[in-house]
Amino acid sequence: MLMNERRCVITGLGLVCAIGNDTEESFKSALNGISGIKDVKSFDTSPCYSHKGAEVELTNEQLADGKYDRTTALGIKAAGEAIKDSGIDMDSEDASKIGVILGSCIAGAACVEKYYNQKCKGEKGDLNDLKSMPATVIAGNVADYYNCGGITANIVNACAAGTLSVALAIDLIRGGKGEIFLAGGCDSFSSLAFSGFHALRALDASECSPFNHSEGITLGEGAGVLVVESYEHAIKRGARIYCDVLGSGVSSDAYHITAPRPDGEGQMSVIERAIKNSGLDYSDIDYVNAHGTGTAKNDESEFLSLKTSFAGNDHVSVSSTKSMTGHCLGAAGAIEAVLTVKALTEGKLPPTSGYSEEDLKVLAEKSGNIDFIANKPRERDIKYAMSNSFAFGGNNASIVFAKDPNKLNLLCPKQDLYVTGIGIVNGEFDESTNTYTAKLDADIFKAYGVKSAFLRKLDRLSQLQLLSGVKALEDAGITVTPENEGIIGICIGTNDGPMTEIANFQKGIIKDGIEKGSAFAFPNTVYNAAGGYLSIFTGIKGYNVTIANGFQSGLQSVCAAAGAIMFGYESIMLATGTDECTEIDEEIYADLGYTGNGSFKLGEGSVTCVIEKASCAVERGAKRYAKIGGFSSARDTSGDRNNNTRLSEAALTKVIENVLEEAQLKTEDISCIYGFGNGIEEIDSFEMEVYKKIFGEGIEVKLVKKDFGEARAASSSLQFAMLAKDIYEGRFENGIAVSFGTSALYSALLLTKA
Amino acid sequence: MNNEIAEQIKGMLVERLRIPADELEYDSELFGEDIGLDSIDSIEIIVGIENLFGVDISGAGATKEDFRSIETLTAFVEAHKED
């Protein structure tokens, strides 16, 4: 069977944003052009030139039970509505089949502000705030809140994150890795984002007006969650089906860290990819919920890309609902996906609000064949609707919803995937700090042609990532050219992302004022900056996703990369694991009590592995380190849900059993495990006991963290890379790399001789 | 040229824009081939100079030429700085 024959449908919706506390209220407001943009209440904006925002009126206590960061609380609220709307009985349903994939841009920014406010006053920061800061905890917290036991992931591709989450959910269902996903995004209003966009002069002084005055964005907050479900499962449980979600597209601009390409090439590419992936033609699309932020640069390039892409389509309607919801960053794509599904199924298309009579005349003159809906809703019976998101880092994502499943595209048949290149940047032990840190001299970058004018823009995380990325391409013998730039993609795994940049930016505005945020530093506070710079430097224009999901993210990135190839998005993927070790990281891990006596030594690094489909590797005569035999992720569903790094024999055993089954191997075929032991006695002994139970006493277990410290996602990626090298050098034929992380998610990858 | 102001501007550029100090001369072309600054960097320079000298260089009508080098920025600050 072809892998993506499985229909995916939407069976539940949840939404909370400035124009409504649920889906119905928000959709009604959107249709009526009611804007949620008001004066900002969350913090004092008096020193700024803009005071507008689209905030949710509910308090954290009203959203969830008050113990979560606001971003997570928004996610919990929308997820709860989506579950209820879907009619899933969480008590009788198999929890292991329900996963949670949430996008976020700024993650626990409210807790970042609170924590560093306390620290800057010389007080001890609140541990709960510290734990809630990173994006890595969001999906796991939402999953635990509703007892979902399937795969979790946090997609952190800035303003495209919500759309990418839905895209990933489709791929996981089609790949047989789950039946139901709560997919979407959430982001709270934050001084960090406000100050950052203010510094970039990207905020509109009044309400934003996309495709109209184009003077800037208005920030918002909220969450959107869609229940994405396999058609078979939905039918089996008698679910109400809103529509199909046919397919998606993801692309990279490879141009600039904040600005879109003026020629709209990356945007047109993602529209084309989504249409092809959905088995449609340009002429099929009836409605596009545009990215439509209201900045001059976005509006100009998006206007151009829409008019060019849909030049032969005489019936496409377009609107930007950000004119009412504000720009909700990582939640934006998810909120717009929910509104798009409602528009499609009810035949009522929301407008872009805020046009004067004079504006309408200008719009009519410039819109050509495209029906830009302004101020009033359009009642139209439509079949196919698209929702687009374009983000910092040059990441573009698009998804297509349909009333009609008949045109479902059948893409690439399953084929072998090889590891064809490895790039490693490891830390070296530094006695003075008791950490493992990497040497990042300018000369190393110069050798790879990285000019200092480019390098200076990169934060440490991005530098680590760039170096391992170019090393891996070199090792694989790949030169990015206009011929292959569109068939190569990137999947970054990280635990902490750019926490140093986030903390320093926040500390800067605490010290200097919200109006004095650094325009230079702000772009590096987004988690996908590292992937963006890698794409910009190398010219890679394909798939681009960043996953922040605990220490195991370096393995999950390989799983996602494998999926991107299996579903025909790309032929070659760079799958990475990257985490940095700075003074900020050292302080965080010390405050969390993880470093010091009896625990682990913090490390840093970046490992990039080139994953390539067999036909491509064979055609170019690539070196093949190893073949991917199977990959699996599973969560603990029975332990203490207040402990999101809980150990789970059941989950660890399950992922190992799953990869063995997928590779059609037995336990005795496995010669070596690359494990996750990091020096914490409880973890190390737990891990060894489980392996002994499964494989017997004689199993060889290699622990990379002994030599390079706990480099988090870089460590799990290193485990995978070292395993591939061992197999290539003939030490054994089959081995497994295993890791686990926040949200109690365990991942295993089985490699076998190529 | 006021060397004290020039040195302060240089320090600001090194700190805020992470330009390697040894690559930055007073006459280096900031937005040209030498250093390769872009529009985001220019916003950062405006804020940096306002913080250092209290001079609102965009409000005071600075032109592209004024942003050319540390020398030209120094001259602009000297001309607009209120002692």
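Student: How much of chain A counts as buried?
Tutor: In this predicted model, 67% of the 754 residues of chain A count as buried.

Student: And how many helices and strands are there in chain A?
Tutor: The secondary structure of chain A comes to 26 helices and 27 strands. The C-alpha atoms of the chain fill a box of roughly 75 × 60 × 55 Å along the principal axes.

Student: What share of the contacts in chain A comes from residues 24 or more positions apart?
Tutor: Among contacts in chain A with a separation of 6 or more, 80% are between residues 24 or more positions apart.

Student: Let's pick a helix. How long is α4(A)?
Tutor: Helix α4 of chain A covers residues 109–120, which is twelve residues. From its first C-alpha to its last it reaches 16 Å, close to the 16 Å expected at 1.5 Å a residue.

Student: Which residues of α4(A) are buried?
Tutor: They are A:A109, A:C111, A:V112, A:Y115 and A:Y116. Looking down the axis of α4(A), these buried residues fall within an arc of 150°, so they line one face of the helix.

Student: What do those buried residues pack against?
Tutor: Three helices of chain A: α5 (127–132), α18 (499–512) and α21 (583–591).

Student: And what follows α4(A)?
Tutor: A:G122 follows α4(A), and its phi is positive, near 85°.

Student: You mentioned α18(A) and α21(A). At what angle do they pack?
Tutor: At about 95°, with their axes 8 Å apart. An angle from 65 to 115 degrees counts as roughly perpendicular, and α18(A) and α21(A) are therefore roughly perpendicular to each other.

Student: Which residues make that contact between α18(A) and α21(A)?
Tutor: From α18(A) there are A:M499, A:T500, A:A503, A:N504 and A:K507, while α21(A) brings A:I584, A:D585 and A:I588. By class, the residues of this contact divide into four nonpolar, two polar and two charged.

Student: How do α20(A) and α26(A) cross?
Tutor: The axes of α20 (residues 553–566) and α26 (residues 713–728) of chain A come within 6 Å and cross at roughly 60°. The two helices are therefore oblique to each other.

Student: Who meets whom between α20(A) and α26(A)?
Tutor: A:S553, A:G554, A:L555 and A:V558 in α20(A) meet A:A713, A:S716, A:S717 and A:F720 in α26(A). Sorted by class, this contact has four nonpolar, four polar and no charged residues.

Student: What about α1(A) and α13(A), at what angle do they cross?
Tutor: The axes of α1 (residues 23–31) and α13(A) cross at roughly 75° and come within 10 Å. That makes α1(A) and α13(A) roughly perpendicular to each other.

Student: Which residues meet there, in α1(A) and α13(A)?
Tutor: On the α1(A) side, A:T23, A:E24, A:S26, A:F27 and A:A30 meet A:V338, A:L339, A:K342, A:A343 and A:E346 in α13(A). The contact has five nonpolar, two polar and three charged residues.

Student: New topic, loops. Where is A:L329?
Tutor: A:L329 lies in the loop between α12 (322–325) and α13 (332–346) of chain A. Its phi is near 55°, a positive value in a residue other than glycine.

Student: Is A:L329 buried or exposed?
Tutor: A:L329 is buried, with a relative accessible area of 2%.

Student: And A:Q664, buried or exposed?
Tutor: A:Q664 counts as exposed, at 74% relative accessibility. A:Q664 lies in the loop between α23 (649–663) and β24 (672–674) of chain A, and has a positive phi of about 55° although it is not a glycine.

Student: Where does A:H291 sit?
Tutor: In the loop between β9 (287–289) and α11 (296–309) of chain A. A:H291 is buried, with a relative accessible area of 2%.

Student: What does A:H291 touch?
Tutor: Leaving out residues up to four places away in sequence, A:H291 touches A:C159, A:N298, A:E302, A:S320, A:K322, A:H327, A:N388, A:S389 and A:F390.

Student: Last one: where is A:K38 found?
Tutor: A:K38 is in strand β2 (residues 38–39) of chain A. A:K38 is partly exposed, with a relative accessible area of 44%.

Student: Which residues does A:K38 touch?
Tutor: A:H51, A:K52, A:G53 and A:E57, not counting residues up to four places away in sequence. The C-alpha atoms of A:K38 and A:G53 are separated by 5.6 Å, and these two residues are 15 residues apart along the chain.

Note on methods
Residues are numbered from 1 along each chain as its sequence is written. Chains are lettered from A and ligands numbered from 1 in the order in which they are written. This is a predicted model: local features need pLDDT of at least 70, side-chain atom pairs count only at pLDDT 80 or more; totals for chains, interfaces and linings use all residues. Side-chain values use heavy atoms; hydrogens and water are left out. Axes are lines fitted to C-alpha atoms, for helices over the stretch in contact, and angles run from 0 to 180 degrees between N-to-C directions. Helices (H or I, at least four residues) and strands (E, at least two) are DSSP runs, numbered from the N terminus. Angles under 35 degrees count as roughly parallel, over 145 as roughly antiparallel, 65 to 115 as roughly perpendicular and the rest as oblique. Contact means heavy atoms within 4.5 Å. Ala, Val, Leu, Ile, Met, Phe, Trp, Tyr, Cys and Pro count as nonpolar, Asp, Glu, Lys and Arg as charged, and the others, Gly among them, as polar. The expected span of a helix is 1.5 Å times one less than its number of residues. Buried means under 20% relative accessible area, exposed over 50%, partly exposed in between (1.4 Å probe, protein chains only). The arc is that of the directions from the helix axis to the C-beta atoms.
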